[in-house]
Structure formats: structure tokens, C-alpha cells
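Let's take a friendly walk through this model, one topic at a time. Keep the structure open beside you as you read.

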Amino acid sequence: MRLFGMVWSEMVRRPGPSAAALVVVAFGVAALVAVESVATSSEKRVAGQMRTLGANVLVLPAETTLQDYYAADSHGESLPEEYASRITMAQLKGVEELSPRLSVECELDESSVVLTGVLPRQEFYEQSAWQSFDLLTADIDSFETGGGLGRKHEGCCGRTCQLTTEEKRSLASYAKTRIVHELDRDSVLVGADVAEEHGFAGGETVRLLGADFRVAGVLPRTGTVDDARLLGHLHRVQEVSDSGPVVNVIEVMGCCDAMAADLVGDLKDLLPGARVVTIANLVEAQVTVNGLMKRLSYVLFAVLVVLGGASVASVMFANVSERRRELGTLMALGATPSTVGRMVILKAATLGVAGAVLGVGLGAVSAYAVGLRYLGFTVSTPPAIVLTGFGTALLVAVVASYVPARRAARLDPCTCLQEL
Amino acid sequence: MISLDQVEKRYEQGGAVVHALRSTTLDLRGGDFVAVVGPSGSGKSTLLSVLGAMLNPSAGRVVLDGTSVYEIGVAERARVRNERIGFVFQNFNLVPWMTALENVELPLRLYGGSRAERRGRALELLEHFGLADRVGHRPSELSAGQQQRVALARTLVTRPTLVLADEPTGNLDPASRNLVLQTLTDFRDDDRAIVLVTHDPAVSRAADRILTISDGLLEESKAASEIGLASDVA
């Protein structure tokens, strides 16, 4: 503590020589923290988007841009509902579930909510079977285990094909399947957030787009946009919104990512007028940017180590050289060589910590500002990145000061004191 | 107090051996005030460094208060320097970024002690040297005489038993020089010996014993009073 007091006094009263190293370390740490923070937040955002989007293949109207879909799936563009039946009847390999959806905005207790029309699974299969002679005689259960949709097959790693029929029928499995099994035309299911906000528990009547709906139940929390929505019967939503037999999107649960990748080509061939994308496509740009930022952070890490280390070493060498008489005097007054060496290392460590404090602050604020101004999302700096910044700066400073400290400890006080 | 027994210091320089100090034997007791005179390069500073536990001799023993200072560890020797030896330098060697008070406190700060105790002792000495109104000043804000008084206060703050002064008046005006010599004379007592190195015969007159050194060879001279030189110091 006594040594630190002396080191701190010297740095505060003679800030000039240390300032350059402090600036280099601070900027190095700031750049590292900022880039790491943005990359980490972006990764979290991508993961969140993937969770929110739910399906791993999306069939969208050709005019819809990916950016539109990020904003909301109630993008105004539509495609024929009949596309869903086409997919079903084509019995494409790897399709676990389908969910054609139409989302419209409406008022609920003077607040704006999204009403999403979905086709209940039971009705969807009945409709598909009616349109296909091969499936005409198949009941739902045999269809689920032996037909195209929902059947188990080699390489299956999806979420829905592992469930039993009973589990699939349960509302509780919605978070996994995103499929509603049964739903009356005049009923709605409410998302967890909507239920919480409006106090719905089931049995209430709500008025949406001029029509009354009974609240049939509350969906389990999914962590997706569905938590803030009401789900109604697709055909009833089409009626009350005057949309006609269209949907905004057909969500396809592919069996796994690899299967989903093969599906895209098949779906494109099947539905030439639609845009078929995978979740990987949707987030591809962001994933690429994240990868670049990760690599950039490694480069910055290397720059911090090399430039920061060189700067600290240079400042400490100069410091030892300039203070030869002072250090010689200290030795004459009773300081041991190790005390003098420790003073040099302590000074470098103080520089490292001070640089890290400045750098972490600057980096976190910069990352936050960049996120807000240019990226459109909040960038936070996790504690692990703060620790990395501090640890790196401290380690670099201490390692860089080792040789100057040794030189200081080996000073000959007799020679130093005779120097003018 | 301190004794040098057959102490030698040799350097190798360009393949040749330089005898900075030749077989030197010296015995100093408490109350001694010894001046060492000699021309530049004669070995004065080497002698002072050896006495000050800073320069390991090539041969011989240096014993301070019963401790053979070059037969103990580096850390222990540093502690001996801190507690028992005080240095006064020609160039004062004050730490430039410290105040006068902090400079005086410095030797005590190296090995602990309470802050209040350190500060009290340092202030007492600065007051003694008439620098009570200069405690917060840095060396660059003090005159040469004031700086040397601060350096003297720093030397005496640990109550050393041996004070080694290397040309302490070399950069001072006559008034300041007299004050420094007077201080050294005053602080000599039964427990403290003073060795003053100078090439100025006038300064050496303040001492009781004068030793001359030439080409590394130390010889006893007559006392200043015996050789008929009146001291400039009152």
C-alpha cells in the first residue's frame, strides 16, 4: 500500500510520460469491448429472432422482403391459402408440420393487438384429405404416423415428430409445435402477454374487427411474438378482415436444418410464385456480420496486446531511464532492488487498470451508442467482456513492464548518484 | 561504530586493473567528524560508497555496529542503510515530484511506521531547519540552500549512526555552506559519526580528523587545529 501510494502520487503529479501509454491501452480496451459487445448482442439478437420466428422454413409472398418479415409477419402482402394444401399433398420429405397464417391488426380494449388466423390441424388434414383421393380414407392418427406430415423418419431431429399424438393435441405443446389442434370458428386463443395484460383466463368474450369471439384458452408462454397475439380460426379471420382466401406466411417445420435446406428447392419448384427462405437465410447476413466482428475482435485483441504492450514497455523503459538518479537515491535511502522493481511493475499495472477503466467505459458507451444509432437494437456489455478487458490490459501491462522492472532492480545506485 | 579492515576495491577497465581503494583500514567511533580530502578520481566516492553499504569491496570487511554489512543479504543491507546510515549529496538528490515534507518522510515511508509519526518527525526537522513555511513546496520551488537543508532533514529523519556527506557544500553559497557544516557539527554526538568527503580544504577544517586519499590510498592527516587552520565554522 505504501508503494502504491508513492506510485500513484508520481503518476498523478507527472502525468505526461504515462499519458501516451494510458491512451493506447484505453483505446485498445475500448475497441475490444465495443466490438465484443456488439458481436455478442448481435448473436443474442439472432438467437432471439430464430426463437421468435419458430419455423425453420418460411413460405412468403414473392414481394415480401426479409426486412419486412423481421418487422412483423403482418406485412400486408399475401399468398393463396391453397399453397398450404399443395405442400401437404406433395408429401415432401422432411416436413413435420405446416402452419398457414394470416395476421391482421385490430383493436382490443383501445389497444392495438395482432390477430393471427391459423388453420387448426384437424381441419387442415380434413381439407387436405378431401382434396386428395390417396388421403381420403386416412384418419388423422394413421396420417400422423404413416403418411407425410408428422411421421417419424430416418435422420429426424425436429421438435414435433418426437411427440406422441396426445402431446400434439395438447395446448401445452404449442411452444414446440406452433400448431393448434382444434379451434372453433368463433373462438380465439390468447397469448400469455395478452392474457396477462387483459386478465383473460378463458371463457370471456372479446370483440375483434366487429365480431365477437370466445376466449377458448390461454396459450403457454412461447417466448415468441405469439405471446403478444390472439390466435383465431384462419377462415374466420379472413372473413372479418375481408382478406379473402389468403395467408401472409406458411410456416414449415422441417425435420432438421439439413432437411430444411433440401426442402427449399422442392418448395420453390412446387410454389414458383412464392419466396421460400430458411431461418438460416433470414439471419445469414447477421451471422456473417457477427463472424466478421468476432474476427475483428481477435484482430483488436492482437493489436491491444502488441501496441498496448509495446507502448507500456516503451513508457516504462523511458521512465526507468529518466528516473535513474531518483531510483538510485531510493536505493541509497534503503529501498531494496526488489522494491524498486515492484514499483515499476506496480506503475505499469496501475496504467493497465486505469486504461481498462477508461477503455471499458468508453467501449461500453460507444457500443451502446452504435447499437442505438446504427443497428436498431440495444447493445449491452456483459460482465465477461468487462473482465476480459480488465484482465487483458492488466496482463499486458505487467508482462510488458517485466524487463524494465528488471533493469530498474539492477541499477547500481553508486553509478546513478554520480550522474548529473 | 564502523570499521574497515583491509578493504580494497578493484575495477577492470579496458583489460587493466584500477585500484580505486587500496588496503584500507579505518576505525570510526561515535562523535567522530572526519573529513576525507583528495583530488578528483582519488577514490573518495568509492570510499563513501563502501562505507555506505552500497558498493561491495573486492577484499576486506566493513563492520557497522557489529554487523559485517557485506556478509548479509541484499534486503538486510538495504535495511541497514535505511536505519543506520544517512547520505548527504552534493546535488541534494531530492525526488522532484515530491514536496519538501514528503522528501523528508521518504526514508521512513520505505519501512513503515505510522503516518502521523512520520509526519511529526519530518515537520519537526523542517522546522528546525527553518523550513516550516516550505513544507508543501517542491524542490524546484526552493533555493539551493533550502534544498540542501531539506536533504539534511531527510538524512537525519531516521536518526542514523553514520552520516556520509559527499561534497555537501559544493553547490552552495558561503552562508548556506556554513549552515550545512554547522548542522553536521551539531548533529555529531556520542552515538553518531560523520564522514565528509570534499576536495575543498576550507570545508575540511570543520572536521576533527582529516584523512587524505590519493590513488586509492587513505592516509591520516593531522587534525585541522593541529595544522593551524582555523575553522570557518563558528
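## Aromatic pairs

Over all chains, the structure holds 2 aromatic pairs. To count, rings of Phe, Tyr and Trp (its six-membered ring) must have centres within 6.5 Å; planes under 30 degrees apart are called stacked, over 60 edge-to-face, and the rest tilted. The pair A:Phe4 and A:Trp8 is stacked, because the ring planes are at 20 degrees, with the centres 6.1 Å apart. A:Phe4 and A:Trp8 are 4 residues apart in helix H1 of chain A, so about one helical turn separates them.

## How to read the model

This is a predicted model: local features need pLDDT of at least 70 and side-chain atom pairs count only at pLDDT 80 or more, while totals for chains, interfaces and linings use all residues. Residues are numbered from 1 along each chain as its sequence is written, chains are lettered from A and ligands numbered from 1 in the order in which they are written, and side-chain values use heavy atoms, leaving out hydrogens and water.

The predictor's confidence in each residue, pLDDT, runs from 0 to 100. Chain B has a mean pLDDT of 87, with 94% of its residues at 70 or more. In residues 227–234 of chain B, however, the pLDDT is below 50, and this stretch has 15 contacts (heavy atoms within 4.5 Å) in the model beyond near neighbours in sequence.

## Where the chains meet

Between chain A and chain B, 24 residues of chain A are in contact with 28 residues of chain B. About 2,300 Å² is buried between the two chains, and carbon and sulfur atoms give 62% of that; buried area is the accessible area (1.4 Å probe) lost on putting two parts together, summed over both. On the chain A side, A:Arg2, A:Arg13 and A:Leu333 lose the most area to chain B, together 28% of what that side buries.

## Salt bridges

A salt bridge here is a side-chain nitrogen of Lys or Arg within 4 Å of a carboxyl oxygen of Asp or Glu. By this rule there are 28 salt bridges over all chains, and 1 across the interface of chain A and chain B.

Helices are DSSP runs (H or I, at least four residues), numbered from the N terminus.

Note on methods: Helices (H or I, at least four residues) and strands (E, at least two) are DSSP runs, numbered from the N terminus.
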